[in-house]
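Student: I have a model open and would like to learn how to read it. Could we go through it feature by feature?

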Amino acid sequence: MFSTVQDLGRYGYGPLGVSPSGAADPIALRVGNLLVGNVESAAALEMTLLGGSFLFPDGGVVALAGSDFGPSIDGAPVPMWTACELRPGQTLRTGPTRSGARCYLCVRGGISVKLLLGSASTHILTGLGGFEGRPLKKNDVLQIGGATVTQPRTIRPEVLAQIAPRKILRATDGPQTDWFSPESVDRFYAGAYTVTEESNRMGLRLEGPALETPHSGHMISEGVSLGAIQVPAGGKPIILFVEQQTTGGYPKIANIISADLPSVGQLRPRDEVRFEHVRPEAARAAIREQETLLRALFA
Amino acid sequence: MTVFRYASDQSLMVYLGETIDLATHRRVLKLLRMLEAEPIPGVRNLHPAYHSLLIVFDPLDQDHANIERTVAGYIDRLESIDLPAPRVVEIPVRYDGPDLNDLAALHHITPERVVELHSSASYIVYFVGFVPGFAYLGGLPPELATPRLETPRKRVPKGSVAIGGTHTGVYPFETPGGWRLIGKTTVEIFDPASQELSRLAIGDVVKFIPVP
């Protein structure tokens, strides 16, 4: 089981080396929260691949959002993307995944943990935040909060389909795209890459067509943006992700657009992924369109 | 000498120089202070480094052109900004790291001489990155510059004081690391419960104090 408490992350502490952390698929977390009547940024449980089993001694209202983890309450299947009630003493079982990497267990009232720098997110490498700074273990007890803003809601499934995760990730140029030869850039966008097992919330290592290492990999360390695709010595790209280091010294050939970052959170080892080059204007239009769709999601 | 680059659809990179040097560092630090004192709406994070500052913003709320225009105006005012005298932070170090003897041997000097050289220098925090509280320090005596380990360690003990290439630093958390470990401090470098959060911050001057 690899489940951690996450919300939408902690921003504003970059100069101290604190990366935002937060949900790997923030769209799923936001929608799940809105389904149960929370603010969209409430703390939820991010489950990875295997899911888990959760007893609700006092009952509750939950929604599962993200990849299909085949949820059930006391053995009876319940639908994804739907607010469901548990009576006191009932057990929610989730997983393993039937589709992508992650599923969010959103609880009406939010999951209550001590905030660190204003956020409930767990940063696993440093053991900061979340529930004791770590993934959950058997017998852990989490508290449910009391902050709700609306009654539970329902979504419009036809809109949901329009914000589903993609396997072709759109990317703009990055700060060192022009360090790479045009042939390398073409190879990157033409190639099929596979997510390797050495992938986690810090970054996804890809296997596939190797790219050159410009300037022998020497670069003065600089700030790195979320979704940057860096190319270390060896030429195999790495997608930097929510717990990435805030600064780094490898050239970056491209950067995944904001609208497609939640899709990265659903990639599993052995998934194939491709990249599509887009211009800044298209990236801008995509995030705006996605936000409009999210607002249209609720009946 | 300023260059703006589109880094992603939610970030703009500002380069304030071309090399790692103190004058460029002061430009970076001044711009950071200005952005902290007069925040640009929609900006979510700032990532200063050796010669650059990455500005991360909400793409629904802000755009590159607007931020570039505002930052260019700030940069025009850099010369008029005075930086306060740097804070001096002393870090007590027990110089008994597992790589100390090897490092000394590589340079044909004694471990005592390594300690003497390392602890007599004054270091400047160029920036904090990698993990919370990890300070990139400038000023390592050239006699101590040592390539990183061929095989990085999967786990470097928390508080380790290390040398990597021409840099030195302290690992605030147990993390993987490829630098050579020459000592350890028991001081909590990153403490979320404390007011300042990180014992080391950009622009600080650092001195290592040998302790038995």
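**Reading domains, a barrel, cores and an interface**

Student: Let me start with chain B. How far apart do the centres of domain 1 and domain 2 of chain B lie?

Tutor: Before anything else, keep in mind that this is a predicted model. The C-alpha centres of these two domains of chain B are 28 Å apart. Their contact involves seven residues of domain 1 of chain B and six residues of domain 2 of chain B.

Student: What kinds of residue make up the side of domain 1 of chain B that touches domain 2 of chain B?

Tutor: Helix 1 of chain B, residues 22–37, is the top contributor to that side, with three residues. Sorted by class, that side holds six nonpolar residues, one polar residue and no charged ones. As for where the domains run, the assignment for chain B places domain 1 at 3–80 and domain 2 at 88–210.

Student: Now chain A. Into which domains is chain A divided?

Tutor: Domain 1 of chain A covers 2–155 and domain 2 covers 168–295. Their centres, taken over C-alpha atoms, are separated by 27 Å. Here 20 residues of domain 1 of chain A are in contact with 14 residues of domain 2 of chain A. On the domain 1 side, helix 1 of chain A gives the most, with three residues. That side of domain 1 of chain A has nine nonpolar, nine polar and two charged residues.

Student: I also see strands in chain A. How should I read them?

Tutor: The general idea is that strands of a sheet pair through backbone hydrogen bonds, either parallel or antiparallel. In chain A, seven strands form a closed barrel with mixed pairing, in the order 12-19-16-17-14-13-20. From one strand to the next, the twist averages 40 degrees.

Student: How do strand 14 and strand 17 of chain A run, parallel or antiparallel?

Tutor: Strand 14 (residues 203–207) and strand 17 (residues 238–240) of chain A are antiparallel, joined by three bridges. To find one of these on screen, look for A:Leu204, whose bridge partner in strand 17 of chain A is A:Ile239. Then turn to helix 3 of chain A, residues 182–190, which packs on the sheet and touches strand 19 (252–256) and strand 20 (272–277) of chain A. The direction of helix 3 makes about 130 degrees with that of strand 20 of chain A.

Student: What should I expect of the nonpolar residues?

Tutor: In soluble globular proteins, nonpolar side chains tend to be buried together. The largest nonpolar core here has 72 residues, and A:Ala44, A:Val62, A:Tyr104, A:Leu105, A:Cys106 and A:Ile239 touch the most other members. Helix 1 of chain A (residues 26–36) supplies the largest share of this core, seven residues. Both domain 1 and domain 2 of chain A contribute at least three residues each. Another core, of 58 residues, lies apart from it and includes B:Leu16, B:Ile67, B:Leu140 and B:Phe190.

Student: Which residues does A:Cys106 touch?

Tutor: Leaving aside residues up to four places away in sequence, the residues touched by A:Cys106 include A:Gly32, A:Leu35, A:Val36, A:Ala44 and A:Val62.

Student: Last one: how many residues of chain A are in contact with chain B?

Tutor: 35 residues of chain A are in contact with 39 residues of chain B. On the chain A side, strand 12 (168–173), strand 15 (222–223) and helix 5 (280–295) each give two or more residues. Helix 5 of chain A has the largest share, six residues. By class, this side of chain A has 15 nonpolar, 15 polar and five charged residues.

Key. Residues numbered from 1 in each chain as written. Chains lettered and ligands numbered in written order. Predicted model: local features only at pLDDT ≥ 70, side-chain atom pairs only at ≥ 80, totals over all residues. Contact = placed C-beta atoms within 7 Å. Helix = DSSP H or I, 4+ residues; strand = E, 2+ residues; numbered from the N terminus. Nonpolar A, V, L, I, M, F, W, Y, C, P; charged D, E, K, R; others polar. Domains from an automatic or database assignment. Pairing = 2+ DSSP bridges. Axes fitted to C-alpha atoms, helices over the stretch in contact; angles between N-to-C directions. Core = buried A, V, L, I, M, F, W, Y, C linked by C-beta atoms within 7 Å. Buried ≥ 20, exposed ≤ 12 C-beta atoms within 10 Å, placed from the backbone.
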